[in-house]
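This briefing goes with the sequence and model shown below.

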Amino acid sequence: MGNIKIKKELNLVELASEIASVMLFNATQQSGIKEEDLFEEENDGELTTYTEEAQDLFNKYYDEIWEYLENKGFKHVNS
């Protein structure tokens with residue numbers, strides 16, 4: 001293996017959000033749920049947000065990823 005040095009101080013908000021989003025889309029797709037069923041429009045289509053159920057699942061994944069990263073010694077820094 002090479003000498004790749006991964007910093008232990010990262011923007012964990014951004015990283016955990018990206019991973020949680022991928023997990024949400026992958027898990028729902030494998031469960032036969034269409035991507036468009038994860039979203040709802042508000043303000044006559046001006047704003048698109050996760051449905052309540054999708055947001056709850058995203059939050060669960062986010063918390064699990066954040067905890068995992070912290071347990072591996074990563075620290076949050078704003079970028």
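In this predicted model, Glu-40 stands opposite Thr-49, a residue of strand E3. The pairing belongs to strands E2 and E3, which run antiparallel and are joined by four bridges. Together the two strands form a hairpin, with four residues between them.

- Strand E2 covers residues 39-42 and strand E3 covers 47-50, and Asn-43 sits in the loop that links them.
- The phi angle of Asn-43 is positive, at about 55°, although the residue is not a glycine.
- Most residues other than glycine have a negative phi.
- Asn-43 has a relative accessibility of 52%, and it counts as exposed because the cut-off for that class is over 50%.
- In a regular strand, side chains alternate between the two faces of the sheet.

- Lys-7 is exposed, with a relative accessible area of 57%.
- Along the chain, Lys-7 and Phe-74 are 67 residues apart, while 8.1 Å separates their C-alpha atoms.

**Fold and overall dimensions**
- The secondary structure consists of two helices and four strands.
- Read from the N terminus, the order of elements is β-α-β-β-α-β.
- The radius of gyration is 16 Å, whereas the globule rule gives 12 Å for 79 residues, so the protein is more spread out than a compact globule.
- The C-alpha trace spans about 50 × 30 × 20 Å along its principal axes.

**Contacts, burial and surface**
- Of the contacts between residues at least 6 apart in sequence, 66% join residues at least 24 apart.
- Buried residues account for 22% of the 79 in the protein.
- The accessible surface is about 6400 Å², and carbon and sulfur atoms contribute 48% of that area.

**Charge**

Methods: Residues are numbered from 1 along each chain as its sequence is written. This is a predicted model: local features need pLDDT of at least 70, side-chain atom pairs count only at pLDDT 80 or more; totals for chains, interfaces and linings use all residues. Side-chain values use heavy atoms; hydrogens and water are left out. The radius of gyration is taken over C-alpha atoms; the globule rule is 2.2 Å times the number of residues to the power 0.38. Buried means under 20% relative accessible area, exposed over 50%, partly exposed in between (1.4 Å probe, protein chains only). Contact means heavy atoms within 4.5 Å. Accessible areas come from the Shrake-Rupley method with a 1.4 Å probe; for residues, only the protein chains shown count as cover. Two strands pair if DSSP finds at least two bridges between them.
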